Amino acid sequence: MADDDIFKALADPTRRTILDELAGSPGQTLFEICSRLAMKHRLGMSRQAVSQHLAVLEAAGLVETRREGRYKFHELNPAPLRHLTERWTRPNPTEHTP
């Protein structure tokens, strides 16, 4: 997972909406995500389009999946986001305090 992949994944508003939905209700199937996008956000997208967005999020490490039988459940993985924020928010050891 590279930082560029994370930024690319976050650049798309639909993918950010998918992450919002997974943050609020983890463990959703593709069908559930599609339903929420259509009903709550008025995003009429094909299952294939949503699946492609999920693949980008998964490649960036922002979404993890688990299979149970024929169902695939999607979960938000906030670790890459923490990594990005810590990159710029940790104390700089070269700075001197007065």
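**View 1. Packing of helix α2 against α4 in the predicted model.** Helices α2 and α4 pack with their axes 10 Å apart and at an angle of about 80°. Angles of 65 to 115 degrees count as roughly perpendicular, and α2 and α4 are therefore roughly perpendicular to each other. On the α2 side the contact is made by T14, R15, I18 and L19. On the α4 side the residues are V50, H53, L54, V56 and L57. By class, this contact of α2 with α4 holds 6 nonpolar residues, 2 polar and 1 charged.

**View 2. Packing of helix α1 against helix α2.** Helix α2 spans residues 13-24. The axes of α1 and α2 lie 5 Å apart, and the angle between the two helices is about 95°. This pair, α1 and α2, is therefore roughly perpendicular. K8, A9, L10 and A11 are the α1 residues of the contact, and P13, R15, R16 and L19 are those of α2. The contact of α1 with α2 divides into 5 nonpolar and 3 charged residues, with no polar ones. R15 and L19 of α2 take part here, and R15 and L19 also belong to the contact of α2 with α4.

**View 3. Packing of helix α1 against helix α5.** Helix α1 covers residues 3-11 and helix α5 covers residues 79-89. Their axes are 11 Å apart, at an angle of about 110°. Helices α1 and α5 are therefore roughly perpendicular to each other. Their crossing is left-handed. From α1, the residues D3, I6, F7 and L10 meet P80, L81, H83, L84, R87 and W88 of α5. The contact of α1 with α5 counts 7 nonpolar residues, 1 polar and 2 charged. L10 is one of the α1 residues that meet α5, and L10 is also among those in the contact of α1 with α2.

**View 4. The largest pocket and its lining.** The largest pocket holds about 210 Å³ of space. Its lining consists of 14 residues, and T29, L30, R47, K72 and H74 lie nearest the centre of the pocket. At least two lining residues come from each of α3 (30-41), α4 (47-59), β1 (63-68) and β2 (71-76). Helix α4 gives the most to this lining, with 5 residues. By class, the lining of the largest pocket has 6 nonpolar, 4 polar and 4 charged residues.

Note on methods: Residues numbered from 1 in each chain as written. Predicted model: local features only at pLDDT ≥ 70, side-chain atom pairs only at ≥ 80, totals over all residues. Heavy atoms only, no water. Axes fitted to C-alpha atoms, helices over the stretch in contact; angles between N-to-C directions. Helix = DSSP H or I, 4+ residues; strand = E, 2+ residues; numbered from the N terminus. Parallel < 35°, antiparallel > 145°, perpendicular 65-115°, else oblique. Left-handed = near helix turned anticlockwise from the far one by under 90°. Contact = heavy atoms within 4.5 Å. Nonpolar A, V, L, I, M, F, W, Y, C, P; charged D, E, K, R; others polar. 1 Å grid on protein atoms, 1.4 Å probe; cavity = no way out; pocket = protein on both sides within 12 Å on 5 of 7 lines; lining within 4 Å. Points joined across faces, edges and corners; volume = space filled by probe spheres on them.
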